[in-house]
Structure formats: structure tokens, C-alpha cells
Amino acid sequence: MLGELHSQLAPALVITRRELRDQFRDWRIIFPVVALTMFFPALMNFTARQAVNFVSNYGAPLVAERLIPFLLMVVGFFPISVSLVIALESFVGEKERHSIEPLLSSPLSDGQLYLGKLLAAVVSPLLASYLGITVYLVGVYREMGWIPTPVLITQILLLTTIQALVMVSAAVVVSAQTTSVRAANLLASFIIIPMAILIQGEAIVMFWGRYAVLWWVILALAVIAWLLVRAGVAHFSREELLGRELDSLNLRWGWQVFWREFIGGAPTLPVWIRQVGGLLSQKMRLPMLLVALSLAAGILVGASQAKVFALPVELISINNTDSGVLQGPEIMQFYSVAGVSTVWLHNIRAIILATLLGLFSFGVLGIIVLMLPLILVGYFLATAATAGLSPLVFFTAFVLPHGILEIPAIILAGAAILRLGATLATPAQGQTIGEALLHALADWCKVLVGLVIPLLLLAALLEVYLTPRVVIALLGG
Amino acid sequence: MIVTRDLGKQFDNFWAVDGVNLRVDAGEVLALLGPNGAGKTTTVRMLTSVLRPTRGEALVAGFDVVREAQKVRAAVGVLTEQHGLYGRMPAGDYLDFFGQVYGMDAARRRARTQRLLEDFGLQAERKRRIGEYSKGMRQKLALARALLHDPPVLLLDEPTSAMDPESARLVRDAIRELRSASRAIIICTHNLAEAEELADHIAIIRQGKIIASGPPTELKRSLLGPSEYEVAFGRPLNGFPLFFPHGADITDRGEQWVRFRTASPDLTNPLVLRYLLAQDLAVTGLHEVPRSLEQVYLSAMSSSREQEGNDAG
């Protein structure tokens, strides 16, 4: 097995070695790497010393305590930013220089080519980053006697490595899918902005002193890096790389591809509805199961938080609910067509938000959005139990009357979102990434128009006209 | 070695290659001729398994270009239209890199690199960066890369473009040598003299379709009609009436020469000579009027355009 791994990996490393040699011959890469490795840690040492001296005058050593590890993380991050530049031009740069075709005509597999380029982009900035961290640590030890704990240094090294991998794997995806370095640089904003937000989040965590949270960040980034690499390899196409000359937005073509898939050649509405049914049984079974399990997990998560964030018992006394509780919503004209449409449109908005988030996160963030109401349900079920109320009765009163339609609608929408997001990480047989995405989008629309939206409308009707009455019937005095 | 059946490649709504049938056996050279954008490069890219055919099939060195893409790529040496060299690398390192990519061991890489650099007169320059090479030197290095792993199939796109006459001769000699070593070679070129010199078969491609193909002599006969011959005389004819046998049609005449066309020169030419000698004319020579591939090419293009006009009409 090791032999086979070596035979698969060795050709990729041939690419990596050549690219590394090329990088070390290019002063435009060497200069910033050296500068960021040597100069920047020294500057951070100076900053740390000044900050420690300053805050110690005001009796706030905590700030210094938190600042030194934070600067360690920053020192590690700066050199890996160079990896973005290298990775962005990995494929498209070679295309522009016309040196890609001999490589594409070679017997290297797609995976070997991809891995070789990926490693080449990540190795030198990472080495620079480790060196920078070392320079910084030596500096702070010599000047302030500060030594990080083994756990902290492990976290920082892992975080730096995984951040470099995320940036590089995303940049290589961009590089393999664009037609010019200019276009790749423009698209790099989609990497730089999330990374900047991530660093800000990490800064908050580190100043807050909740270092355990960094493990979750590392885990999440590792999953994202894996998904990005998978997406990159899945959609790597020699033909696209070589054949596509212009990044043109062809709306007409896009609409035609989408519409063809959406209609599916169905001559009548009943045939189309049968097709939607077929779609569920053929392509949506596994996503539906995954979403159902996620929602169940959401209820459990919510229930587990009831003890952590407990409500005062007097606030949750809902026995003897009488028809008076209906009056509040009535004043706001909730029990009307307007109320139905409010509930319905709110749910549709939530599904669209989940879809947008799912598109950029391989479906994951979309599912988390859909889990949120179920987390609340779990929380209130557990809270009700704490208050001596049967969770089953509570569920039957508040959730079941409309949830019997709404929850299946959420599962269906979630499955379509998951499939849409997963399209990016799934090999598209004989299709471009755009075609695959348009087909998945058409399937998403089919499920939404054919099932989810009508089910949500019925659920909204039930939620407005039935659920409050069931609450009174079951929980009324 | 190379067989294509109804090979086609569609980009959006445009067929770049449309139903191409080719066959190149071992030891043969096929010259693929055609104007820019005719589909030559697309055909080569399909034969190197870089582009996936939209229809039809192609076998290269016995491997299917779709199902056995990696084997095809390992069996093919390709000289791309653009050299595709790494400017910062020295030539020796460059060939060594591609040797590794093709899975060659170190000893073989060394031997092949040295041999090819010597053959192409680049040995003395092996440590110079490729970026400092002239266009011709780059072309030779790119060709050396294509030959490095000693492939049974060679696909050469414009092998002598940008070369000085001496270097071009060197490359042409190299290609001739490679043919004798039982390889199948396809050359895409605009240089018709080169194609005529090197190729056993010619295929002319226009708008993705092969409009004429065959050995050069056969193409000349089919597209330009029967061969033309010229008889030279030692003295001016001064309007002397010439009598030619049946089957030899006079096409042109000058002061001391006359041209005729015949479909069966083996039978007619001895008769022509006998007739002329019988008329007491001082015949000093009889030879076939050379016909260039350029005439064939232009004739094929013109017929194809006419055909297209008729179809449209």
C-alpha cells in the first residue's frame, strides 16, 4: 500500500520540486518571504515589548498576557499570505505563459498535477511562517522570558498550517477555473475577505482567552480545506483549462441550460410533478436522510443547552393558558391572510438565506441555518420538562399541528441545498462546473416550486389558524 | 498506430473538427495541412487526450484516447504550437524534469538528455537559462522534449517554424530519421515544401473537415489532372507544325519547347519521341513538369469553397 502511495505521490512531488526551484529563482517571491520572516517578527517583538511595558504601568498585565500569543498567531499568518499569490497563478499563470500544454499532455493524472501544484504553493510560505514563529519566540523569550505552553504552540502551528492549506486550496480552485491571472486576482477577494473575518474572529477568541475554541476552528478549517481540495480535483479539467479563452458571462446559455433541466422535457404539469417525485427518490434520498439526522441532532443540541442557559421557572409557567393568549396576535391581525403570508414569506426567506449560505459552504452553513428553529424547539422542550410539563404535550401543542408539514418541507429544502452545495465538491461527468451548478440549481428550484413552497403555504395556514387553538385545547385550564 | 473514425469536436455550437478519418501506420508521416483555425491543433489535442472528442473515436498506439488517456499520453511525444518552456530553467534541468514526469529512471534521463542536446546542437548551451535562448533554439529544445521518452507516436505542430534554414534542415533530417525508426508521425504545418519533402500522406483540412487526403502523387493526379510533360529541342521550332500521337494533348509551346498532357505516359511518351524524331526534330530532353503541393493545396481549397457555395446556393 505504501509502495502504491509512493508511486502516486512521486510524480506530484516532481512538479512540486520544479516549482519550488522556480520560486527560489524569483526575487519577487523570495524578497517578501524573507522580509516577512525576518523583519516582521522583529517588529512584533518590539510591539510586544512596548505593549507589555505600557500596560504594566496601568496594572493591566492581562492585556500583555493575551497580546503575546495573539502576535504569535499574526507572525505565523503573515508569510502564508504569500502562498495566495503563488497559488493564484499556479495553473492560470502557466496557461498565460503557454507552458501548461506540455504538462497537460504528459501522463500525469489530474490528481497528481493538482497535488503537485498545491504543495508547491504551500511549502515555501509555510516554511517561512515556521521560521518567523521561531524568530518571534526567540525574541520574546530573550526579552521577556515568555515561553508558550506546548498546547498553545501546537495550536498556533496547526492553525497556521491549516489556514495556509485553506487559502491555497481555494486559490488553486480559482486558478484552475479562470482564464487569466487578472481574473484570478479579482476573484481572490472571495478568499481574502473570509480569511480577514476569520483572523478577526481568532483575535477575539485569543483576547478572550478561550484557547479551547481554537481546536474547533482548526477542525472546521481542516474540513473546509478537505472540501476545497476535493472540489478542486473534482472540477479540474484539462479541456477547460486549455480550451477556454474568455471568462464571458453567457446569460442566454445559462438560462437555456437551467430551463431545460428545470422543465425536464415534461409536456404537462402532472408529468413534471411526477418528475419531481422521481428526483426525490433518485437523487435526494441520501441528502434527505442527512438533513433529517441533522435536524434531530439540532433538537438534541437545543435540549442540551436548556440547563446551560436555564430560564427562570416563573417565566415558563404556561399551564392554564386561556383564550386570552389569542388576543395579542389578534390585535396584530395575525389570524388573517396577511398573517399567513407573513409566516409563509418568512419561511421562504429563511430557505433562500440558507441556500445562499449553503452555496458558499458546500451546503454546511445552509443546514446550520435550518437547524436553528429545531435547536430552539429542543431547548423549549427540555425547558418545559424542567417546568414539569410533558415535552410530548408541549410538542403536540406548539409544533406538531403545523410542523407535520413544515418539518418535511425543511428536510426537502435542506436536501436540495445540501445537493447544491455538494455539487462544487463532486466530480461533474462531462460537464463544466457552471453546467453542474446550473443543473443542481434547477433541481433545487424543482423541489422548491413543486413541493417546499406549497407545503410551507399549507403549514403557514395551519400555524395561523390551527396551532393556537390546539395550544389552548391542550394547555388550557 | 493512429486511427481516427468520424472524430469530431464541438465547442458550443461550432464544430472545430467534424468527422475526421485518419490512419497513420508505423513508419509513416502524415502532414496535416490547412489554414489557421481549420482544426489541426484541436485534432492534435484530441489525439493527446487533452481534449475529449464530442463524437467518433481515436486510437493512438493502440489505446483509446478517452478510456485510456494516461496510456495515450505516455505513448505520445507532442510538440505544441507554443513551445511551453520554463524560461528560468536551464535546458538540461528542463529535459530532466520532463524525463521524471514521464517516469524515466535517472540513467536513462541523463543518456537521452545528452544525446538529444548533442543531436540538436544544444549541448554547449545546456546550462544557460532557456529564457536566454533564441527562438530557433527554443524550438529545438521543445522538439527534444517531445522525443525525450522515445515515444512511438509523434505529433508535431509546426516543427520548423521560427527556425533558420540550417536548423530547419537539421530538424527535417531528424524527422526523416525518426520515420525510419518505425514511428507514426503527424506534422501540422503551413510549410508545403516541408510537407512534400517529409510526408508519405497528406491530409488537407478545412473548417474541421478533411477535404483531400492521400499520398502526394495521388493527390496531384486527382486534383490537378494528368501529368504534364515538356519536350526540349536543340533548335528553335520557328512555327514548325508538330504532329503528336493520339492521347498526348499539346497544352503550351515556346521557341524551343512544347508541353503536352497525357493520362498514360508509359505508352504515350515513347510514341511522342518516335513521332518527333520522325519529323527530324532535334529533341534534347523529355521530362515531367514539376507540380508543387502548393498547387494541390490551392486547388483543394478552391474546390471546397466552390462546393460550399453550391451547397449554400
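Modeller: In chain B, an open sheet is built from 4 strands in the order β2-β1-β4-β5, and the pairing is antiparallel. The model is a predicted one. At the edges of the sheet stand β2 (14-24) and β5 (63-64) of chain B, each of which pairs on one side only. Helix α1(B) packs on this sheet and touches β1, β2 and β4 of chain B. The direction of α1(B) makes about 65 degrees with that of β2(B).

Inside the sheet, strand β1 (residues 2-11) of chain B pairs with β4(B) in the antiparallel sense over 5 bridges. One position to look at is B:Arg5, which stands opposite B:Glu57 in β4(B). As a general point, the strands of a sheet pair through backbone hydrogen bonds, either parallel or antiparallel.

The loop between α1 (40-47) and β4 (55-60) of chain B holds B:Pro53. B:Pro53 counts as buried because it has 22 C-beta neighbours inside 10 Å, where 20 or more are required. Leaving aside residues up to four places away in sequence, B:Pro53 touches B:Leu7, B:Gly8, B:Lys9, B:Met46, B:Ala58, B:Val65 and B:Val66. B:Glu28 lies 25 residues from B:Pro53 along the chain, and the C-alpha atoms of the two are separated by 24 Å.

Now the wider chain. Chain B has 10 helices and 14 strands, and its C-alpha trace spans about 75 × 50 × 30 Å along the principal axes. Of the 313 residues in chain B, 40% are buried. If one takes the contacts in chain B between residues at least 6 apart in sequence, 66% of them join residues at least 24 apart. The domain assignment divides chain B into domain 1 (2-215) and domain 2 (228-288). The centres of these two domains of chain B, taken over C-alpha atoms, are separated by 46 Å.

A second open sheet in chain B also has 4 strands, in the order β12-β13-β11-β14, with antiparallel pairing. Its edge strands are β12 (249-253) and β14 (283-288) of chain B, each pairing on one side only. On average, neighbouring strands of this sheet are turned by 25 degrees against each other, direction ignored. Strand β11 (residues 228-233) of chain B pairs with β14(B) in the antiparallel sense over 5 bridges, and B:Ala232 has B:Gly285 in β14(B) as its bridge partner. Across β11, β13 (257-261) and β14 of chain B lies helix α9 (residues 265-278) of chain B, running at about 160 degrees to β14(B).

Two loop residues of chain B have a positive phi without being glycine. B:Asp280 is in the loop between α9 and β14 of chain B, and its phi is near 65 degrees, a positive value in a residue other than glycine. B:Asp280 counts as exposed because it has 7 C-beta neighbours inside 10 Å. B:Glu158 is found in the loop between β7 (153-157) and α6 (165-180) of chain B, with a positive phi near 50 degrees.

Helix α7 (residues 150-177) of chain A has 28 residues, which should span 40 Å at 1.5 Å a residue; the end C-alpha atoms are 41 Å apart, which agrees. In α7(A), 20 of the 28 residues are buried, so this helix is largely enclosed by the rest of the structure. The 20 residues of helix α9 (residues 189-208) of chain A should span 28 Å, and the end C-alpha atoms are 28 Å apart, in agreement. After α9(A) comes A:Gly209, with a positive phi near 85 degrees.

Definitions and conventions
Residues numbered from 1 in each chain as written. Chains lettered and ligands numbered in written order. Predicted model: local features only at pLDDT ≥ 70, side-chain atom pairs only at ≥ 80, totals over all residues. Domains from an automatic or database assignment. Expected span 1.5 Å × (residues − 1). Buried ≥ 20, exposed ≤ 12 C-beta atoms within 10 Å, placed from the backbone. Contact = placed C-beta atoms within 7 Å. Pairing = 2+ DSSP bridges. Axes fitted to C-alpha atoms, helices over the stretch in contact; angles between N-to-C directions.
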